[in-house]
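Please open the model in your viewer and keep the selection tool ready. At each stop you will be told what to select next and what is there.

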Amino acid sequence: MEEIKKIVDKLQQILTQDGRLSLDENINKARELMSAYRCAIMEIETKFKVLNDWFSLQHERNPIESITSRLKSPESIRDKLERKHLPITITSIEENLYDVAGIRVICSFIDDIYLLADCLIRQDDIKVLEVKDYIKTPKKNGYRSLHLIVEIPIFLETQKKYVKAEVQLRTIAMEFWAKLEHRLRYKKHLSPELYNYTADELLKCANASNQLDYKMQEIRNIIENEKNK
Ligand code: 0O2
């Protein structure tokens with residue numbers, strides 16, 4: 001609740017800046033929307049925890065290393081709406097942003113990413129709005145991850161509400177790279193030469209960690225095949 005209060009307070013500051021909008025009448029809408037996103041996160045996290053337990057029971061292994069989640073920060077919400085030239089209002093957040101609720105699932109192996117994504121997509125209360133496969137087609141800088149934009153119903157006191165969320169599935173190696181790249185990207189004092197040099201080096205690191213992912217997958221396949229003989 002404290003997290004939602006902080007976010008709504010900050011959103012109120014942002015939305016009322018420059019007289020863009022008086023949030024007074026919208027404050028409840030903002031609170032409700034943010035807690036709906038929080039509920040969607042809880043629902044999706046639970047789905048992955050259930051799958052992890054199931055695999056542990058059936059196959060004696062846990063496909064999930066860890067799960068983290070976050071509500072997008074108000075500043076990041078504002079920046080994204082501005083970047084896309086969209087109105088900065090509560091309705092606009094709800095209609096146009098798909099990643100206010102974000103769930104990140106870290107797996108040990110690439111195969112587990114697709115296995116879990118498949119299991120989630122097949123659940124009949126989940127609607128998949130978009131799949132962005134940055135593993136098959138990495139971003140130019142080397143970023144890899146599987147993103148699923150989904151819509152999930154949450155059941156409230158008197159209504160059923162559909163909420164959008166972004167699920168990011170990646171391996172430990174992808175997470176390691178993305179975390180460090182994200183940190184380094186914000187060092188803005190670099191000259192253009194150094195910027196290009198470090199971008200090239202980061203791309204090499206992304207490719208090296210991708211090779212490591214495939215090598216680990218290969219080793220696991222050998223071990224699993226032997227076990228199943
Ligand atoms: P934060 O802090 O997580 O909120 P689109 O809506 O398709 O126009 P968008 O939303 O940028 O564009 O989609 P994209 O690029 O598919 O994925 C967005 C999220 O993926 C980012 O969230 C990051 O969490 C992650 N991501 C995407 N590209 C990179 C990258 O090059 N490096 C790293 N480290 N992460 C990346 P936000 O909104 O940037 O931030």
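This is a predicted model: local features need pLDDT of at least 70, side-chain atom pairs count only at pLDDT 80 or more; totals for chains, interfaces and linings use all residues.

Residues are numbered from 1 along each chain as its sequence is written, and side-chain values use heavy atoms, with hydrogens and water left out.

**Stop one: helix 6**

Select residues 172–185, which make up helix 6; helices here are DSSP runs of H or I with at least four residues, strands are runs of E with at least two, and both are numbered from the N terminus. Helix 6 has 14 residues and reaches 20 Å from its first C-alpha to its last, close to the 20 Å expected at 1.5 Å a residue, where the expected span is 1.5 Å times one less than the number of residues.

Now colour A173, M174, E175, W177, A178 and E181, which are buried (under 20% relative accessible area, whereas exposed means over 50% and partly exposed lies in between, with a 1.4 Å probe and protein chains only). Which elements do the buried residues of helix 6 pack against? They are in contact (heavy atoms within 4.5 Å) with strand 2 (101–107), helix 5 (110–121), strand 5 (160–171) and helix 7 (192–227).

Next, select L180, which also has its place in helix 6 but is partly exposed, because its relative accessible area is 33%.

**Stop two: strand 2**

Move to strand 2, where 6 of the 7 residues are buried. Strand 1 (residues 64–71) runs antiparallel to strand 2 and is joined to it by 7 bridges, and two strands count as paired if DSSP finds at least two bridges between them. Select T68 to find R104 of strand 2 standing opposite. Strand 5 pairs with strand 2 in the parallel sense, over 6 bridges, and here V105 has L169 in strand 5 as its bridge partner.

**Stop three: helix 2**

Finally, select residues 27–59, the 33 residues of helix 2, whose end C-alpha atoms are 48 Å apart, in agreement with the 48 Å that they should span at 1.5 Å a residue. Just after helix 2, E60 takes a positive phi of about 50 degrees.
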